[in-house]
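Let's take a friendly walk through a protein chain. Have a look at the sequence and the 3D view first, and then read on.

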Amino acid sequence: MHPMLQKVLAAFTADAGCQLAADEACALAELALEDTLELLALAGMVRQLRGPAGTATCAIINAKSGKCPENCAFCAQSAHYHTSAPVYPLQSTEELVRQACEMAAHGISRCGIVTSGTSLSDRDIDQLCEAALAMRASAPIRLCASLGLLTEEKARRLREAGFTRYHHNLETARSYFPAICTTHAYDEDIETLHVARRAGLEVCSCGIFGLGESWAQRVELLQTLREVGVDSLPVNFLCPVPGTPLGTRTHLAPREALRVVALARLMHPEKEIIICGGRLATLHEVQSWVLASGASAFMTGNYLTTRGCGYEDDDALLAALGSRRRS
């Protein structure tokens, strides 16, 4: 094992409170290609020592799609770009309940309601809170919300309706954010995470990797999330969408994506690391390696505007790996 990896392993073994420092993470990111497997194995060991046991699964509902006024350079739903993404208003309570029941039938532990736009209107919040009550009554599944920027009042109402976790990605490092989005400030995203926490909601946040950011900026994002104090980190890999400014970028190489997962685990040893968008398109036949590289959960089913892995396919994957599903 590389001496640097040996040093990190010794530190984690000796100190139950050890966390990888940002400068150490940057150094590990620059290790030679031949050290990749040992880096992944180290992250896997740290997950066994400190991370959640078993494998959790979550899924999302694209509950309101398209015509978003934000200009995020990767997003198919932005009104600034011409894409084939669907456009529709907030789905009915009946449709949301149907999808939640389908997820619960497959043992999925969390259902995330996602809506496009800077934030949800008061009228839509009313409708969504009513739907949440019906979903909780119909399906044994925990509810998460991803509704854009959040106010104290909206956060309180979501909590009272039964949502337990709020998801809001920072997307990338503060230093790279102006290259990705110029229609709102990074501090607004940070404040939304704090608002959710103050309301008693768990906080789920990370970003998309492969936007053109450097390794130092990937570490910067992971460090910011540690300072905020998130509960879970949804790791996404860019799926280039034709018609967006990043539509011609290539997918990350699998080894690079797996290194991202490993660094996320080493910098957040006790947190939930969830592999979300771009899993299959980026990792292909090595997608199961995420669990050996530090991940503790993954998103199953379709994503917002692109296809993901089917529930049955992921059920079979977990069974083949002998991984215990965590409720």
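Predicted model: local features only at pLDDT ≥ 70, side-chain atom pairs only at ≥ 80, totals over all residues.

Residues are numbered from 1 along each chain as its sequence is written, and side-chain values use heavy atoms, with hydrogens and water left out.

**The whole chain**

The chain holds 12 helices and nine strands; these are DSSP runs, numbered from the N terminus, with helices being H or I of at least four residues and strands E of at least two. Its radius of gyration is 19 Å, close to the 20 Å that the globule rule gives for 327 residues, so the chain is as compact as a globular protein of that length. (That radius is taken over C-alpha atoms, and the rule is 2.2 Å times the number of residues to the power 0.38.) Along the principal axes, the C-alpha atoms fill a box of roughly 60 × 40 × 35 Å.

How much of the chain is buried? The figure is 56% of the 327 residues, where buried means under 20% relative accessible area, exposed means over 50%, and partly exposed is in between (1.4 Å probe, protein chains only). Now for contacts, meaning heavy atoms within 4.5 Å: of those with a separation of 6 or more, 77% link residues 24 or more positions apart.

**Helix 8**

Helix 8 covers residues 215–228, which makes 14 residues, and spans 20 Å from its first C-alpha to its last. That is close to the 20 Å expected at 1.5 Å a residue, with the expected span being 1.5 Å times one less than the number of residues. Why can we call helix 8 largely enclosed by the rest of the structure? Because 10 of its 14 residues are buried. Among them are Trp 215, Val 219, Leu 222 and Leu 225. The buried residues pack against helix 2 (22–29), helix 7 (186–198), strand 6 (207–209), strand 7 (232–237) and helix 9 (254–267). Just after helix 8 comes Gly 229, with a positive phi of about 90°.

Most residues other than glycine have a negative phi. Lys 67 is not a glycine, yet has a positive phi of about 55°, and His 284, also not a glycine, has a positive phi of about 55°. Lys 67 sits in the loop between strand 1 and helix 4, while His 284 is in the loop between helix 10 (279–283) and helix 11 (289–292).

| Residue | Relative accessibility | Class |
|---|---|---|
| Lys 67 | 67% | exposed |
| His 284 | 43% | partly exposed |
| Glu 70 | 8% | buried |
| Arg 50 | 14% | buried |

Glu 70 is found in the loop between strand 1 (56–64) and helix 4 (93–105). Beyond its neighbours within four places in sequence, Glu 70 is in contact with Ser 78, His 80, Thr 118, Cys 181, Thr 183 and His 184. Gly 117 is 47 residues from Glu 70 in sequence, but their C-alpha atoms are 7.1 Å apart in space.

Arg 50 belongs to helix 3 (residues 36–50). Not counting residues up to four places away in sequence, Arg 50 touches several others, including Phe 12, Asp 15, Cys 18 and Glu 270.
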